[in-house]
Structure formats: structure tokens, C-alpha cells
Amino acid sequence: DAITLWRVVTTITSSRWGKLSLLHLLPKTGRNHQIRRHLSYCLSCPIVGDSKYDGGGLLHRKARDELGMFLCSNSMRFSHVMLGDDEKMVDMANIPLPEKFHDILGLDKEDISMP
């Protein structure tokens, strides 16, 4: 089974795009297209701009054509095999969200804090 933990960071209603939510997702397994499939099929909230799992929505086609898909990783952690159990998880990257996320959500960078 594929497992993805998730929580809503913020939700807004845009006059152009409608209701949008920024989610924090934590995949516990590594299946192909896991996040995209879980959001589309299990939560009925496909990723904006996702051409494969968009559910045929006009919003997703318009956003994809103008801005691309709204899926990105802002941090990555890996289990380090040479470290002891208490120190196994190692942060490898922490990056800010792309500008297009702030633009479409209409929020300042300070308004969005991702864990």
C-alpha cells in the first residue's frame, strides 16, 4: 500500500482560479506518481496544472498552459546508513517555494511557513 500523510497549510478563494489549497505532503512510501494519484483519486483535489491526473478540469488546463504544474518539494530528508538510529535522518535540501506559488495564492512569502 502507498501511504501519504498530508495537512492543509492555507486555503484561499481566488477570483481567477477559485478555491485553492496549499498542502504539506509527506510520502511514507515511494510509489510512482503516488502524491499525484492520492490527491486526485483519494482526496478529490488534483494538483493545479497536472495534465495526467487533473480530472479534466478547465482550471488545471488553463493553469498548466500558463504556469505549469504546481508540485514541488521544498525539503528532502534521507536515512543515512552510516549513522546510528538516533541520527539516521539527514536534511539534504531546504528551498523556498517558487514565486508562482506565492503569485497564484496572492500571499506574501512571510504568510507561508512550510515545515
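Ser44 is found in the loop between α1 and α2, where helices (H or I, at least four residues) and strands (E, at least two) are DSSP runs numbered from the N terminus. The model is predicted, so local features need pLDDT of at least 70 and side-chain atom pairs count only at pLDDT 80 or more, while totals for chains, interfaces and linings use all residues. Residues are numbered from 1 along each chain as its sequence is written, and side-chain values use heavy atoms, with hydrogens and water left out.

**Exercise 1. Backbone and loops**

State the phi of Ser44 and its exposure.

Solution. Step two: its phi is near 55 degrees, a positive value in a residue other than glycine. Step three: the relative accessible area of Ser44 is 59%, so the residue is exposed; the classes are buried under 20%, exposed over 50% and partly exposed in between, with a 1.4 Å probe and protein chains only.

Carry out the corresponding analysis for His33 and Asn32 in the loop between β2 and α1.

Solution. Step one: His33 has a positive phi of about 60 degrees, although it is not a glycine. Step two: at 24% relative accessible area, His33 is partly exposed. Step three: Asn32 is exposed, with a value of 64%. Step four: the C-alpha atoms of Asn32 and Ala2 are 9.6 Å apart in space, and the two residues are 30 apart in sequence.

**Exercise 2. Chain architecture**

List the order of the elements, then describe how β1 is joined to β2.

Solution. Step one: the protein chain holds three helices and four strands. Step two: from the N terminus on, their order is β-β-α-α-β-β-α. Step three: β1 (residues 4–14) and β2 run antiparallel and are joined by ten bridges; strands pair if DSSP finds at least two bridges between them. Step four: a hairpin of three residues connects β1 to β2. Step five: within this pairing, Trp6 stands opposite Leu25 in β2.

**Exercise 3. Aromatic pairs**

Solution. Step one: rings of Phe, Tyr and Trp (its six-membered ring) pair if their centres lie within 6.5 Å, and planes under 30 degrees apart count as stacked, over 60 as edge-to-face and the rest as tilted. Step three: Tyr41 and Tyr53 have ring centres 5.6 Å apart and planes at 85 degrees, so their pair is edge-to-face. Step four: this pair links distant parts of the chain, with Tyr41 in helix α1 and Tyr53 in the loop between α1 and α2 (58–67), twelve residues apart. Step five: Tyr41 is exposed at 52%, whereas Tyr53 is buried at 8%. Step six: for Phe70 and Phe101 the centres are 5.1 Å apart and the planes lie at 55 degrees, so the pair is tilted. Step seven: Phe70 lies in the loop between α2 and β3 (75–79) and Phe101 in helix α3, 31 residues apart. Step eight: Phe70 is buried at 11%, and Phe101 is buried at 7%.

Where does Lys100 lie relative to the ring of Phe70?

Solution. Step one: a charge sits over a ring if NZ of Lys or CZ of Arg is within 6 Å of the ring centre and within 35 degrees of the ring normal. Step two: Lys100 lies over the face of Phe70, at 4.7 Å from the ring centre.

**Exercise 4. Cysteines**

How many disulfides does a search of the whole structure find, and how far is the sulfur of Cys45 from the closest cysteine sulfur?

Solution. Step one: a disulfide is a pair of cysteine sulfur atoms within 2.5 Å. Step two: the search finds zero disulfides. Step three: the sulfur of Cys45 is 9.8 Å from that of Cys42, the closest cysteine sulfur, which is too far for a bond. Step four: Cys42 is exposed at 56%, and Cys45 is partly exposed at 31%.
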